[in-house]
Amino acid sequence: MAVIRDMIPAFELFQPTNVEDTIELLDRYGEDGWVLSGGMDSFDWFKDRIKRPAAVVDLVNVDELRGVRTTPDGVEIGALTTLTNVADHPELTADYSVLTDAASHIATPQIRNRGTLGGNLSQDTRCWYYRGGWPCYRAGGNTCYASAPTAMNREHCISGSSRCVAVNPSDSASALIALDAKFVIRGSRGERVVDAQDYFMRPSVDIERMTILKPGELLTTIRIPSTWAKATFYYEKIEDRKSWDFALMTIASAIRMSGGVIQDVRLAVNGVAPFPVRLEKAEQVVRGRTPSDDLGMEAGTVATEGAQPLRHNAYKIDLMRNLVRRAIRNSAEA
Amino acid sequence: MELWRRAANPWGQDVLIGISWDLMWAAVFAGLAFTLAHAVWAKWLAPAASTDAGGGSSGAGLPAQILRHALSERVFHWVMSAAMLVLLITAFAPVIGIQFAWVTIHWIAGLILTATIVYHIIHAVFWQDFWAMWVNKADIEAGLAELSHMVGRNGTEVPKAAKYPIDHKMFHHGASVSGLTAIVTGIFMMLRIDTWLGAANPYLLDITDSTWGVVYVVHGISGVALFGLIITHIYFAIRPDKWWITKSMIYGFIGQDKYVENFDPNRWAIPGAAPQEERVPAGVGASLGSDDAVVGSSDAAVGSGDVESGSNDTAAGGGDLAVGGGDAAASGGDAAAGGGDAAAGGGDAAAGGGGAAATGESPSDSDDGLNESEAAS
Amino acid sequence: MAEKLVGQDISPPDLRAKITGRAKYAEDFRADGMLFAKLLVSPMPHCRVRRIDASAALAMDGVVDILTADDVPSVDAPGEPCLTNEPLYEGEPILAVAAVDETTAADAIEKIRVDFEPLPFVLSPLDSLHPNGPNGRLDGNTMIGRELATIKWTEEDFAAAPEGSMPMGEAAAEWTVGDIDAGFAEAALILDETIVHQSLSHHPMEPRTTMAYWQNGKLYIHTSTQSLARTQSAIANMLDMDIEDVVMIAEYCGGGFGSKISGSTIMQVPAIFSRKVNRPVMLRITRYDETALGRARPGFQAQVKIGFRADGRITALDMYVLGDGGPYGRSGDNMSAGSTASLNYTPLSQRHRGVAVYTNTPPKAAQRGPGGAQIIGMLEPLMDKAARELGVDRLDLRRINAPEGDVLFGPRQTGLTSVHVKEAIDQGAELFGWEERLQRSGQRNGSKVTGVGVGVSPYTAGSRGFDGLLVIRPDGKVAIHQGIGNLGTHSIADTARAAADVLGLAWDDVEVIWGDTRRHLPWSSVQAGSQTTFAHTRANHAAGMDARRKLQEIAARDLGGQAEDYETSDGRVFRRSSPSRGMTLAQAARRAIELGGRYSGQELDEDLNDMTKRSATALAGTGLIAAARDNYQNEGGIQSWVVGFAEVELDVETGQVDIVKYSAVTDCGTVLHPRSLGGQVLGGSIQGMGIAMSQKWVFDPVWGIGFAHRLYTARPPGILDVPLDLDWAAVEIPDPQNPVGPKGIGEPPVGAGSAALTSAIADALGGKCLCRTPLTADVLLAEIEGREPAYGPLDLHV
């Protein structure tokens, strides 16, 4: 079969108006179904004719998935809320600015107007081998092309690999992990709530998926507890251009200071592994201590211990160390 | 039912990438179907025991407990089986939706399996009767006799068995071929991932991706074959009427009565057993027709039951039991490729359970392992 | 008296259409019965088609036919066929399918089975020059002169190169001026550097879609192209037709940058296909296809040795440049790099050697400042390095090496019409605040270190000898006919001002006629090489002068006196001594029609091009026809300059670079249209910044397949990558050989933008030149952290 790109093949389109109907459809179609939110990830796959679901379930009319709501113990964001709406939201900006910073760094303004928070979190990796339709492990094949000795892997991972060395591309994931967010997933068997970092699949467990969503399931809500409201936040995204690009790396941190000392901390990075990583060892290093550049270096060094660079991405070790350093240092300056 | 999966490589060329998981279901189905069929047959349809075709021993001069598998053989078998089970579970559980980090465990278990098999091959070649595990003419005749008996021709004489009856041997053949294939392909596949052997390099040795596809398919076929075989193997191992054989793989011994009932001392000699026929001299590589080694050299005396493997050496020139053992089984007792020796073999000695008269038992295909009829001293 | 139009900001006539979306580009056209075509392209970097089985596709409802390589004219190697059975790059078109809609056509492509035989491939020039290296083509790996050839260097050549340096073996082309050995002997400082400049795609916003149909033996073609008249003639050549049988409609073009100069190879496909099936055919080119067949800038692998006197004067320049030649044609970038360097630095002696090597990567073509932009981006930081080591002021080093009016440069020692680069340097330094910003060089601001840079960048800026054509209509309006393409530079309108100013017209009285060969257009230059402004202000000036002469003659005839007694302006031709004696242009036009002969297109100058003659003849009798060839002074080459200045902050912890400020000053003669000029200077500069900072290709070396198929992977610069307050200015000294004054400008800014950044980043790194593009965060961070570079010093496509 010859290959042609840039022409979306036919599919059956469903546009349900509520979550229940959505789940029923997804359950019915199983592996042949596909959830469409903003379309930024989906259309690339469809245009390249690499992923071809029989049924696309478009959430555009499922209004109950949109919106930012205050709850007794924090904030809840509907998964279909656009990134612009997240980035501009006054309460989120006031209390959880690490998330709004993250959201405002995603892609371009135009993409943020259509892209959704849930979509950003659930999107597939951008390893160019995988995206090119190569039959790698993640695509159900039997090779990883990106980890081969001569492969082009400047954007790939330095840790957490297990036959796959791609990275998770979500800019908001690290921020939500830093906020101790929880994600609500609904399926035909009911609802489950997982910690943000547990939403992301390890390739050692299932190499073909970036998230734990099974066919028939839907990410409905992102819950942010008030734990870190108005904490000292830091967010930074490193990308090749100033806009549009997927991150080479992002870091998000939430720090509670008390008496000049770090009382508690969350540090999360993305772009270093096939899933966003919470840096628990680095957190331990800094907990209870006075933030400074030196402390940041110490934490950063601990965070990067055991990194396994590929041929073209050793710079990510230095970058990761420095981002941790900056996150810690920032809370001294703040 | 699909047999395999194909994909387009980066140049758009159609290549194999692995087996279809339909084959797993097929192998499982085959294994279970055989098991079920056998269980039903054994319970309701098996004819009465075959007549004693003679060739047994009188039991005189035999110790009460006869060593069937020495400690080293048993350790080998169980380590190998544990590795094998881990391999099968890590291979197939994710396919049926039980997700966990399986790859590292899989190849580590694979390396363990490889080590045990390498040990086994060397041990079998140099310290045991290598040919004891290979099917020969006598086996085939016995098998046919069994078959006749099974289909109801009562009265057919079913000869007593060698240490490993034909069904054991066929299982071993199947299991060893599948196992070796799985191991060799598996080791090549380790080039494709990061392991202790080195970083992933799919391009090493310039193996083309269509060749790799074949490697994966072969690995998959041998894996599912093993799956099916193991199902039957475990079935027979836990059958109450076979339990005495299974116990010998745990404790090492079978009872004297079982020996007398089931085994032809010409074909599996124990020191002290008095065969009714002439002993046939044996040696390594003895021709087809003579079974293992045996021949009553005195150093075959098991007598004391102290069969610690250590000492046995086979030394002393002639007729040493040690050499006899037939385990060419590389993978030791795993399901043979292509499914069920037992199924193929038909001649299930168990069936001849009828033939072994009293107990309806006979050494069934709980084979594998070493046959070290090591003489104690 | 009407104010001169030259020098004013006037909205171009196509602006409204573009902004409101009513502008019709090639893909916006439809015709009755039109079919859509889709391409089946090569999956491999080099292969042979053994068999095509299209039966399943042809059996589909709605599929009309396929077009294969056997259906199109074959082309002599190393020319590029529009369809091929031996693809030489991944993505090369092999066949096309035509169907009633695109969905069907795409589905049909998938049903076609093609049997391929892989052939050896090579991605990097140096690999092919290696004694055991593969060739990109079966018939050779380079051209020597006009002949295909194979050049292999020897093991000794490779062994002789010091670690990390480029080996240098047999060259395909070479030239020398002066004595470089003597030059190096007298040098106080010698730099010997290894350089890599990536190849990168043109990525115009509009891919090269074409729609074509035939009627009565004429080909009607809507296409995306930079030129118009020249594209029409290119199509006629490609299809072996008379030019009068080609009707081309191309009013708008969404960018080309050199990749669509005379149309594109692929535009033949719908033309031929529509003739085959006797229905209109639209071939929409997608971004994926555009990246493959849409042309690219050749990358370089080079070794550069420069000798400097103690005062910074370059005594010897010895360059060896390998060009990534793609699979077809004759790539000249690597050699124009030599002439550009010769002009920009006027070294006392120079040798230039080069090999353009065929590779199985997308085909190469000139990209905005071909050869020049690459080499300037790489050499300017080396000039800074020399300045640093010699203790000479960086701008002084540029000044001491800069050409002046009497310069002779390049292998043929050509002269120039004008050069004012020193003025541009001085003016730019002032505009940018060079002295003040230089103080911040190397200063730390938190984790950021400041770097300041400069890039002096020349490029060709004109040509001569083309025709102007205008009609003064009986209603008094003046139709200025332009045979040039509207590639987005506004030159269709801007160059028309030259004629309007001669006649003293108000812009409202001018109608620019462009974009459709049926509208009777004159012979023109290609829209490439930044030549249009110079060539067509002159051509339009000539036509204006012809019109003026004719108006004077008609007025004198009717109103008395001599022609010289009359003046034209404000819509009239009138007696200078008593302005009330005169006639309106409308009246003059009616008189011209009555008089006929040379006044109304019945008699034409001999030296006009045939195309112009045909057009003028077709317009004859519709008004006062003026048609003239640009026969103005013709000595020396025309070159413009842009000097770019940049201040950056390099974050030493992340490798990220922020551009704090960028200013550019241009020497391009008289300013024709300030806002448009600013767009060219800054737009081109931004394009250069993208080359320096983000844009490239990436290829997997085992499979020869690239990954920068889409804009988000190719990483061209966006408007958010640069500061909002970019500024520019012009030296504004008229070129003496252009009666209107301006020179071209499209290309010089690219090298300026690129070099200003490579120079500033090297400055931020304390003077360390990385000698490669693009300078992405990973490259910079590895350098800062002292890590082994991830890429070899000569690695391309990484």
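**Salt bridges and a helix pair**

Student: How many salt bridges are there over all chains?

Tutor: The count comes to 94 salt bridges over all chains. This is a predicted model: local features need pLDDT of at least 70, side-chain atom pairs count only at pLDDT 80 or more, and totals for chains, interfaces and linings use all residues. Residues are numbered from 1 along each chain, chains are lettered from A, and side-chain values use heavy atoms, without hydrogens and water.

Student: What makes Arg287(A) and Asp264(A) a salt bridge?

Tutor: The rule asks for a side-chain nitrogen of Lys or Arg within 4 Å of a carboxyl oxygen of Asp or Glu. Here N to O is 2.8 Å, so the pair counts as a salt bridge.

Student: Where do Arg287(A) and Asp264(A) lie?

Tutor: Arg287(A) is in the loop between helices H10 (280-286) and H11 (293-303) of chain A. Asp264(A) is in strand E11 (residues 261-270), and the two are 23 residues apart. Helices (H or I, at least four residues) and strands (E, at least two) are DSSP runs, numbered from the N terminus.

Student: How many salt bridges join chain C and chain A?

Tutor: The count is 16. One of the salt bridges between residues of these chains pairs Glu653(C) with Arg329(A), with the closest N and O atoms 2.7 Å apart.

Student: Why is H2(B) called oblique to H6(B)?

Tutor: Helix H2 (residues 71-92) and helix H6 (residues 209-238) of chain B pack at about 125 degrees. Angles under 35 degrees count as roughly parallel, over 145 as roughly antiparallel, 65 to 115 as roughly perpendicular, and the rest as oblique. Therefore H2(B) is oblique to H6(B).

Note on methods:
Axes fitted to C-alpha atoms, helices over the stretch in contact; angles between N-to-C directions.
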